[in-house]
Amino acid sequence: MPVHNISRYAMINVPRYTSYPTAPHFHAEVGPDTYARWLGQLSTPDETSSDTVSLYLHVPFCREICSYCGCQTKASRKEAPLQAYGDVLAEEVRLVGSHLTRRPKVMHIHWGGGTPSLLPDASFQNVLAEIYAWFDCSPTMEHAIELDPRLVTSRLARNLSSYGVTRVSLGVQDFNPRVQTAIGRIQPIGTVRTAVQRLNDAGLHAINMDVMYGLPHQSLEDVVNSATVCADLGADRIALFGYAHVPWMKKNQRLIDEAALPCASRRLEQVRAAHRALEHLGYVSIGFDHFARPDNPMAHAMRCGKLKRNFQGYTTDTATTLIGFGASSIGKFSQGYVQNSADTRSWTRAIEAGLLATARGYAMQGEDTLRAEIIEELLTGFHTDLSAQRGGICPDQHWINEQLIALDDLADDGLCEVMGNEVSIPKDARFLARLVASRFDVHASKRVVKHSAAV
């Protein structure tokens, strides 16, 4: 069935669903005591646990703030704040480790920000030393870091390789100079090419590149060209993100000329054209906004039904727990979510006082786990069987029928297909998968929250 009324759906605001319930529904009733209890419950000394963990480390510093940026970060050109932050980050790893009853096995480490590579070498090494002291790091784990191509030196590339980093992610966004000027990020193709060469010379070949559509003054040709150049530069994964214009949340985005932003129909044209171009170049479409070479582990996970989604987006990470470190970082446990204070000073004061910096979170209850798994299945495999048991709940037919009725309009317009108790999202509608997933979100109506557009 062809997809109808796309433009009407494209600008509906929906979450990205890197968690369910989403972060706006976290609250202060889940605090340090809850976090400490959940850490202690990961395993006990006398049991053989299959629990695995992943670690996320947030470094909220950049050399400058780009106009388009929606990240939790701030500008710093001085070394002292970065060193101080690194010291507290290492202390937080020790503090969290002290609440564990054994050293859990780590499957993934991810450094995000901001620009985490701005941490001084000694600080970076100190944090890693604490991680290896408190956690059992698997020799086969993926160790990833987000990088600003403009700041990748040969020395940094060699250091990252020596630290055990196995994957890097480069923020490209767009190669058109006019677009770069409009978003406050001047980054010529030569700069990115040099960064890639330096990383390759250091033995780092697993490279993800981020490309954006929906940017000011950006044409369809710009998006396709940027994606094509990334492929030519050897990216084994490409993330195609739609620019989320949320100036009510990010003051720096007020510098963006809204009149220069493409309309809903133009954004649709851009994302469709980029999808076609990348698939023509041999990439496998992963979820609704990622692409990977056919031999990439992410493509393999997609084929095997093992693709996952967390706060970093699509991932091959199958760990049952995510532990977050740093200001604003979020952790995920089977019991729920915890988030550190987003204010760096508040986070620092708590850690230096020997206290976990949890500011808010969410304890899973009722149908939360059931709905979380349905949403993840729709966003990773574009299919779900509503009759399957999840989170200890086996849905009855009455519940299933209620969910299916809520999909009637989307099914009529071709955004999803219903066969018995199963729901699928056809290929032509997958860029609107978040909209289909949102129909299973019972928290969405409980609080008025502004989100980015569906496309």
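A: The lining of the second largest pocket draws at least two residues from each of α10 (297-304), β11 (308-310), β13 (321-325), β14 (330-333), β15 (336-340) and α12 (368-380), where helices (H or I, at least four residues) and strands (E, at least two) are DSSP runs numbered from the N terminus. This is a predicted model, in which local features need pLDDT of at least 70 and side-chain atom pairs count only at pLDDT 80 or more, while totals for chains, interfaces and linings use all residues. Residues are numbered from 1 along each chain as its sequence is written, and side-chain values use heavy atoms, with hydrogens and water left out.

The largest share of this lining, 8 residues, comes from α12. The pocket holds about 910 Å³ of space; a pocket here is an open set of points on a 1 Å grid over the protein atoms alone, where a 1.4 Å probe fits, with protein on both sides within 12 Å along at least five of seven lines, and lining residues have an atom within 4 Å of a point. The volume is the space filled by probe spheres set on the points, which are joined across faces, edges and corners. Of the 41 lining residues, K308, R309, K332, E373 and E376 are the closest to the pocket centre. By class, the lining comprises 16 nonpolar, 16 polar and 9 charged residues, with Ala, Val, Leu, Ile, Met, Phe, Trp, Tyr, Cys and Pro counted as nonpolar, Asp, Glu, Lys and Arg as charged, and the others, Gly among them, as polar.
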